[in-house]
Amino acid sequence: MLKLYGHYGSQPFRSVAWLLKMKKEPFEVISINPMKGENRSKDYRAKFPLGLIPAIEDDPGDGRTIALSEASAIMIYLCDKNKWNVMYPSSINNPSDLRQRALINEYISHHNESTRLMTRNVIRPGLRGLFAAEGNLSPGMTHALSKSPADLVKLKSTIRDTAKRFQHKFLANSRGSSNFIVGDNPTIADLLAYPDLAQIPQILGIDYSEWPELEGLRQWLDRMAKLPYHDDVHRTTIKIGKLYQSKL
């Protein structure tokens, strides 16, 4: 059985777990908590040199285990192996599939410079402060929870600007309107993007309705939230959000 290493508090972990659950692919979760530095242990790095979560161990079909990290690489591998063509087209001989695959790859390649910034610049500093207060962080990872009005204004500006860029580039653009990032069905691009964007209301309690110009983003988030296993995959995020908001 496929082994999935990580923690449901991790945005990319949720993306991979969501894909596996939607496709009803059996897997075993091996808990690795980055807040405790478990992904930087000698044993973990010996198996996964990048020291990242999520990571998987799986047999691609030749009897030899592959150890793979990086959520986008894992999802592409799973789709190619299992022929989950709706989530990530595999045929390069069909022009329509080739076009869709290329557009999915475009988002995936840009992910760390777009929606991932929500985690780096907004969520991560606050969570570090939260878990430092709870005594659940590895040494050196501390950041104070801020209640400064000026900091809140700056925070919301970062949220709005990052969300606007995502909406403009991937939801409302010259390719024409669609229900999801690429076409009218969700793909691994949507599963990768959603956790970083959805955690703003889930954890911070900041609703995108504060910005009327983000109506397209809100509609996309609503469509994503109706996909199978959404609540199951994101239950930990909701719990973290309740704890976070109780400290503010």
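Where is the place of tyrosine 229 in the chain?

Mentor: Tyrosine 229 sits in the loop between helix 8 (215-225) and helix 9 (230-247); helices are DSSP runs of H or I with at least four residues, strands are runs of E with at least two, and both are numbered from the N terminus. Before we go on, note that this is a predicted model, in which local features need pLDDT of at least 70, side-chain atom pairs count only at pLDDT 80 or more, and totals for chains, interfaces and linings use all residues. Residues are numbered from 1 along each chain as its sequence is written, and side-chain values use heavy atoms, leaving out hydrogens and water.

Tyrosine 229 has a phi near 70°, a positive value in a residue that is not glycine. Its relative accessibility is 34%, so tyrosine 229 counts as partly exposed (buried is under 20% relative accessible area, exposed is over 50%, and partly exposed lies in between, with a 1.4 Å probe and protein chains only).

Lysine 24 is another non-glycine residue with a positive phi, here about 55°. You can find lysine 24 in the loop between helix 1 (11-22) and strand 2. With 61% relative accessibility, lysine 24 counts as exposed.

Glutamate 28 counts as partly exposed because its relative accessibility is 36%. Apart from neighbours within four places in sequence, glutamate 28 is in contact with Met1, Leu2, Lys3 and Leu4, where contact means heavy atoms within 4.5 Å. Take lysine 3 as an example: 25 residues separate lysine 3 from glutamate 28 in sequence, yet their C-alpha atoms are 4.8 Å apart in space.

Next, look at the loop between helix 2 (42-47) and strand 3 (55-58), where you will find proline 54. A cis peptide bond, with omega of about 0°, joins isoleucine 53 to proline 54.

Now for a pair of helices. Helix 4 (residues 95-110) and helix 7 (residues 188-204) have axes that come within 9 Å and cross at roughly 25°; axes are lines fitted to C-alpha atoms, for helices over the stretch in contact, and angles between N-to-C directions run from 0 to 180 degrees. Ile104, Tyr107 and Ile108 of helix 4 meet Ile188, Ala189, Leu192 and Ala193 of helix 7.

Histidine 111 is in the loop between helix 4 and helix 5 (116-133). Not counting residues up to four places away in sequence, histidine 111 touches Arg116, Leu192, Ala193 and Asp196. Histidine 111 counts as buried because its relative accessibility is 5%.

Finally, step back to the whole chain. The protein chain has nine helices and four strands, in the order β-α-β-α-β-β-α-α-α-α-α-α-α from the N terminus on. Of its 248 residues, 45% are buried. Among contacts with a separation of 6 or more, 66% come from residues 24 or more positions apart.
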